[in-house]
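User: Please walk me through this one. Keep it short.

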Amino acid sequence: MSAEDKNVFLADRFLMQTGQGKEPDMITQDLRFGLEAGKKRLQRKGVALREAYDFADDAVRGSVALTPEDSPRPFHACRAYRETRRIREFSRGGKRMALWESPATFHAQIVDHRGREDFAVSCPACGSPSLASGLEKGCAFCGTRFSVNGLYPRIASCFFVEDVIWRPGFDQRQKKRYKIIAGVLFPAMSLLSLVMRGFGPDYPVWLQILGHLLTGAFAAAILTFAVYMIGAYLMIGKLFVLAGSVLPMLGTGSSRKRLGERMRRSDPDFSVELFEGKLVSLLGAVLYSDERENLSFYQGRDDLSCFDDLVCFDYRGGFKLREMTVREGRIRVLVSVFADNVYAGEKIRRKKERILVRMERDAGVRTDAGFSFHAVRCPSCGASFNAVYERNCPYCGSAYEAARGDWVITMIRKE
Ligand SMILES: [Zn+2]
Ligand SMILES: [Zn+2]
């Protein structure tokens, strides 16, 4: 498999697993935590979400490198894309609340680190053989949770971009549609001509029938063309609506570049894509959470009650760097995150929103490009849990401080 095929394969795998209601596996620890938080929020709201995707053979797909091929940096990132139809069905208590179907292109940002693929290990807790990736979700035999860092390639973040049309098979569908329209209009218009003008005494009947048929054909052609033009205008209208919603996102590319350049002055191994994945996943986890004080990476005191009904924090693939300061040994990054959010109150509502987020970390911290994994056990009761993100043991409640020098969120505000 070529590198490009491998990237598309990872993106498709993510969509297939999501479509089957399975947990995607080739994703970073942060993304997994964010997705789990989203599932829990749906459950608490009593909302079931079914997702499905179209994998047409002639759909556009491929990947672009985000890191120059010859870059000496340890993390290499790319963006794999796949044209698809995204179907989402929300229901509550077996009753459908919304069914959305729209053409879209799926993008997966994949971070790779050569020589850091999966390998065999023994679970340090029970000795069972496993793959290092298998321990990411907890040992299959004894359930011990591990903090696994540094297995690649992994999807760090993903998003959808809406398309105007579902292109595969579009031409055939159009031809078929207008053939049907013309096929119905021709006899209808011929009949109308006959009813309106009837037969006169001057010409033979066969010539008059021919005349009505010709009139019918002429009218049908003009009307079919008119319908075609209306369809084309509607499509252009949709294009403008989509363009309007994308316009505020201009400049997000240069934001990524500026952030990378500034961060690498003090942290040469900094990866924008890993940062972005962390930003989006952790932001989602905070918004979805009902126990924000238990999240070790959230130190804000914001009133987030406006997100109480949020069930889908749908990242749109762009953030804008508002401000970056280094003061008193802390790096503070202020960004606007673009999202297409879904709220489930009485009804399902969808809103394009911008969320202002401040991320902080100690200025001296360097990105750890190494591989590490360790079992996480509560020192008080011995239970194993996801201590990378949680402040208290979920079993006995005692505080657990995992060694962290990592990014924390200190402010969230709807813009
Ligand atoms: Zn085990
Ligand atoms: Zn405990």
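Analyst: Terms first: a salt bridge here is a side-chain nitrogen of Lys or Arg within 4 Å of a carboxyl oxygen of Asp or Glu. The model is predicted, so local features need pLDDT of at least 70, side-chain atom pairs count only at pLDDT 80 or more, and totals for chains, interfaces and linings use all residues. Residues are numbered from 1 along each chain as its sequence is written, chains are lettered from A and ligands numbered from 1 in the order written, and side-chain values use heavy atoms, with hydrogens and water left out.

User: Fine. How many salt bridges does the structure hold?

Analyst: It holds 27. One of them joins D290 and R41, with the closest N and O atoms 3.4 Å apart. Helices (H or I, at least four residues) and strands (E, at least two) are DSSP runs, numbered from the N terminus.

User: Is R41 buried or exposed?

Analyst: R41 counts as buried, at 1% relative accessibility. Buried means under 20% relative accessible area, exposed over 50%, and partly exposed in between (1.4 Å probe, protein chains only).

User: What does K352 form with E162?

Analyst: A salt bridge, with the closest N and O atoms 3.5 Å apart. K352 sits in strand β12 and E162 in strand β8 (residues 154-162), 190 residues apart. K352 is partly exposed at 41%. E162 is partly exposed too, at 31%.

User: And which residue meets D406?

Analyst: K278, at 3.0 Å from N to O. D406 lies in the loop between β13 and β14 and K278 in helix α6, so this pair ties together parts that are 128 residues apart in sequence. K278 is buried at 12% relative accessibility, while D406 is partly exposed at 31%. There is also a network: salt bridges that share partners join R330, R332, R358, E360 and D362.

User: Switching to metals. What coordinates the zinc ion (ligand 1)?

Analyst: The SG atoms of C123, C126, C139 and C142, at 2.3 to 2.4 Å. Donors are N, O and S atoms within 2.8 Å of the metal (3.2 Å for Na, K and Ca); water is not among the atoms, so sites may look incomplete. The spacing in sequence is C-x2-C-x12-C-x2-C. C123 lies in the loop between β5 (120-122) and β6 (129-131), and C139 in the loop between β6 and β7 (146-149), so they tie together parts 16 residues apart in sequence. C123 is buried at 2%, and C139 is buried at 5%.

User: Which residues are the protein donors of ligand 2?

Analyst: C378, C381, C393 and C396, each through SG, lie 2.3 Å from that zinc ion. Its site is tetrahedral, with angles of 105 to 113°. The spacing is C-x2-C-x11-C-x2-C. C378 and C393 are both in the loop between β13 (372-375) and β14, 15 residues apart. Both C378 and C393 are buried.

User: Now sheets. How many residues of β3 are buried?

Analyst: 14 of the 17 in strand β3 (residues 76-92), so the strand is largely enclosed by the rest of the structure. β3 pairs antiparallel with strand β4 (residues 95-112) over 17 bridges; two strands pair if DSSP finds at least two bridges between them. The two form a hairpin with 2 residues between them, and G93 in the turn has a positive phi of about 60°. Strand β1 (residues 47-53) joins β3 antiparallel through 7 bridges.

User: What about β11 and β12?

Analyst: Strand β11 (residues 330-344) and strand β12 (residues 348-362) pair antiparallel over 15 bridges. They form a hairpin with 3 residues between them. V333 has M359 as its bridge partner in β12. β12 also runs antiparallel to strand β14 (residues 408-414), joined by 6 bridges.

Terms used. Tetrahedral: all angles 85-135°; square planar, octahedral: opposite > 155°, others 65-115°.
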